[in-house]
Amino acid sequence: MDVTEPADRQAAHEILRAAGVHDRLYCIEGVHEPAVPLPDFHFLRLRDGMWETGLYERGQYAVTARFPRHEEAAACRHLLSGLIPDGSG
């Protein structure tokens, strides 16, 4: 599977698992929500019709990017860029 082209949240989750990214480092709404996430983690969530990506730190969501609902793949790519910076998995 191409790391740079996840089609949707499920594909992004599969890419992260294949790359060995610890599952407590991220939360993908509706696909992967760890029971015990780390205190700081990356997220992808849907709010007000927009996909949001960013970091949850110190009890606050810090949104770094927003994408229209129809651009789920772009939001997934942005999430992956924060967790697999070189894109090589």
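Trainee: Why is tyrosine 61 called partly exposed?

Mentor: Buried means under 20% relative accessible area, exposed means over 50%, and partly exposed is what lies in between (1.4 Å probe, protein chains only). Tyrosine 61 has 41% relative accessibility, so tyrosine 61 counts as partly exposed. Please note that this is a predicted model, in which local features need pLDDT of at least 70 and side-chain atom pairs count only at pLDDT 80 or more, while totals for chains, interfaces and linings use all residues. Residues are numbered from 1 along each chain as its sequence is written, and side-chain values use heavy atoms, with hydrogens and water left out.

Trainee: What makes tyrosine 56 and tyrosine 61 an aromatic pair, and why is the pair called edge-to-face?

Mentor: Rings of Phe, Tyr and Trp (its six-membered ring) pair if their centres lie within 6.5 Å; planes under 30 degrees apart count as stacked, over 60 as edge-to-face and the rest as tilted. For tyrosine 56 and tyrosine 61 the centres are 4.6 Å apart and the planes form an angle of 65°, therefore the pair is edge-to-face. Tyrosine 56, at 21% relative accessibility, is partly exposed.

Trainee: Which elements does the pair of phenylalanine 43 and tyrosine 61 tie together?

Mentor: That pair is edge-to-face as well, at 4.9 Å centre to centre with 85° between the planes. Phenylalanine 43 belongs to strand β2 (residues 41-47) and tyrosine 61 to strand β4 (residues 60-68), so parts 18 residues apart in sequence are tied together. Strands (E, at least two residues) and helices (H or I, at least four) are DSSP runs, numbered from the N terminus. Phenylalanine 43 has a relative accessible area of 2% and is buried. Ring pairs link Phe41, Phe43, Tyr56 and Tyr61 into a cluster.

Trainee: How do you know that arginine 45 lies over the face of tyrosine 61?

Mentor: The rule asks that NZ of Lys or CZ of Arg be within 6 Å of the ring centre and within 35 degrees of the ring normal. Arginine 45 lies over the face of tyrosine 61 at 4.2 Å from the ring centre.

Trainee: How many disulfides does the structure hold?

Mentor: The structure holds 0 disulfides; the term requires a pair of cysteine sulfur atoms within 2.5 Å.

Trainee: Why are cysteine 27 and cysteine 76 called buried?

Mentor: Cysteine 27 has a relative accessible area of 18% and is therefore buried. Cysteine 76, at 0% relative accessibility, also counts as buried.
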